[in-house]
Structures are given as C-alpha cells and as structure tokens.
Amino acid sequence: MLKPLRQGLPPLDPAAASDAASCALPARYEAVGEARRFTRKTLEQWDAGERFDDICLVVSELVTNALRHAVPATACRAEAHQPPVRLHLMRWSERLVCAVRDPSHESPVPRDSDDFSAESGRGLFLVDSFADSWGWHPLAGALEGKVVWAMFRLHTAG
C-alpha cells in the first residue's frame with residue numbers, strides 16, 4: 001500500500017529556509033490541539049495557508065504518532081527538563097516541511113489494514129495521501145530519537 005520509507009532528510013537545505021518556527025509539545029494528547037493552533041498561527045503569519053487543511057491533518061497525525069508510539073511512559077515526569085516532542089515548520093518559496101522530533105529510535109511503520117472504518121492505525125496512510133513526500137531519519141550527536149517529516153508544495157504568486 002505505502003512505498004517504503006526512506007531514511008534521510010527532506011530534499012531541501014534547512015539552512016536556506018526563508019522562514020522557520022518550532023514549538024515544544026508536552027507528553028499529553030492535548031498537545032495535538034496545541035500543534036494545530038501553532039501551525040495555523042504560523043501559516044497565517046507566513047501567508048502560506050492555501051494548504052492549511054492538508055498540513056494541519058498531517059501535523060496532527062505526526063504528533064499523535066509521536067505521542068502514542070514514541071514517548072516513553074516516564075516522559076511525563078521528565079518533561080520539565082526537555083519536552084519529549086518538538087514540532088518544526090520550515091518554509092521555502094515553494095515548499096513547506098513539517099517535522100516532528102521524538103525520543104524513539106524505532107522507525108515509523110505503516111500498519112497493513114483493510115479496515116478503513118477503524119478509528120486508529122491509518123496515520124501514516126493519511127500522511128502519505130496528503131503530503132507530497134515524507135520520510136524519517138534518526139538524530140545524530142547529542143540528540144536522541146528521530147525526526148519524521150512531511151513536505152508540501154506551495155503555490156507561488158505568479
């Protein structure tokens with residue numbers, strides 16, 4: 001159903017982004033709503049809202065997956081020092097990348113399911129359907145975990 005995930009970075013240089021914003025998210029499910037509000041506010045400031053619905057859905061799925069599958073149960077006690085999940089938004093003139101960092105080393109794995117009425121298990125299928133491309137990569141150096149990213153093409157005034 002889904003193409004295999006590729007390890008690596010989005011096909012854009014993060015240092016060349018025209019705009020970037022990020023927010024730390026606590027280890028609780030209310031953080032999904034916080035991520036959507038942050039995304040809406042950021043896209044409005046960047047005047048990049050034409051794909052808001054797609055981007056917001058993907059951000060919700062990536063944050064939910066991070067909270068559900070990548071955050072250890074002990075994270076709630078330790079989050080005062082460093083929140084376990086972080087959302088990054090980066091914009092270039094014709095592209096936007098949303099990336100969610102989490103503490104897990106486990107690769108994201110799409111579930112095989114023919115039950116499209118199920119209430120869970122379709123997150124990566126939705127990411128694959130609404131983003132123009134996506135992938136993940138492990139963090140290096142002092143940072144632990146991984147980043148799962150999704151890229152969106154933006155329309156340019158023309």
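This is a predicted model: local features need pLDDT of at least 70, side-chain atom pairs count only at pLDDT 80 or more; totals for chains, interfaces and linings use all residues.
**Entry 1: the chain as a whole.** I began with the elements. The protein chain has 4 helices and 5 strands. Read from the N terminus, their order is β-α-α-α-β-β-α-β-β. I then looked up burial, and 43% of the 158 residues count as buried. I also looked at contacts between residues at least 6 apart in sequence; 69% of these join residues at least 24 apart.

**Entry 2: α2 by itself.** I picked helix α2, residues 52-70. How many of its 19 residues are buried? I found 14, so I put α2 down as mostly covered, a residue being buried when its relative accessible area is under 20%. Next I checked the length of α2. At 1.5 Å a residue, its 19 residues should span 27 Å, and the end C-alpha atoms are 26 Å apart, which agrees.

**Entry 3: α1 against α2.** I turned to α1, residues 30-45. The axes of α1 and α2 are 9 Å apart, and the two helices pack at an angle of about 150°. The crossing of α1 with α2 is right-handed. On the α1 side, I listed A31, V32, A35, R36, T39, R40 and L43. In α2 they meet F52, I55, C56, V59, S60, V63, T64 and L67. Sorted by class, the residues of this contact are 10 nonpolar, 3 polar and 2 charged.

**Entry 4: the loop between α1 and α2.** I stopped at D47, which lies in the loop between these two helices. Its phi is positive, about 55°, although D47 is not a glycine. Is D47 buried or exposed? Its relative accessibility is 71%, and exposed means over 50%, so D47 counts as exposed.

**Entry 5: α4 against α2.** I then followed α2 to helix α4, residues 123-130. The axes of α2 and α4 come within 9 Å and cross at roughly 150°. Angles over 145 degrees count as roughly antiparallel, so α2 is roughly antiparallel to α4. This crossing is left-handed. Which residues of α2 meet α4? I noted D54, L57, V58, E61, L62 and N65. Their partners in α4 are G123, L124, L126, V127 and F130. By class, the contact of α2 with α4 has 7 nonpolar, 2 polar and 2 charged residues.

Technical notes:
Residues are numbered from 1 along each chain as its sequence is written. Side-chain values use heavy atoms; hydrogens and water are left out. Axes are lines fitted to C-alpha atoms, for helices over the stretch in contact, and angles run from 0 to 180 degrees between N-to-C directions. Angles under 35 degrees count as roughly parallel, over 145 as roughly antiparallel, 65 to 115 as roughly perpendicular and the rest as oblique. A crossing is left-handed if the near helix is turned anticlockwise from the far one by less than a right angle, and right-handed if clockwise. Contact means heavy atoms within 4.5 Å. Ala, Val, Leu, Ile, Met, Phe, Trp, Tyr, Cys and Pro count as nonpolar, Asp, Glu, Lys and Arg as charged, and the others, Gly among them, as polar. The expected span of a helix is 1.5 Å times one less than its number of residues. Buried means under 20% relative accessible area, exposed over 50%, partly exposed in between (1.4 Å probe, protein chains only).
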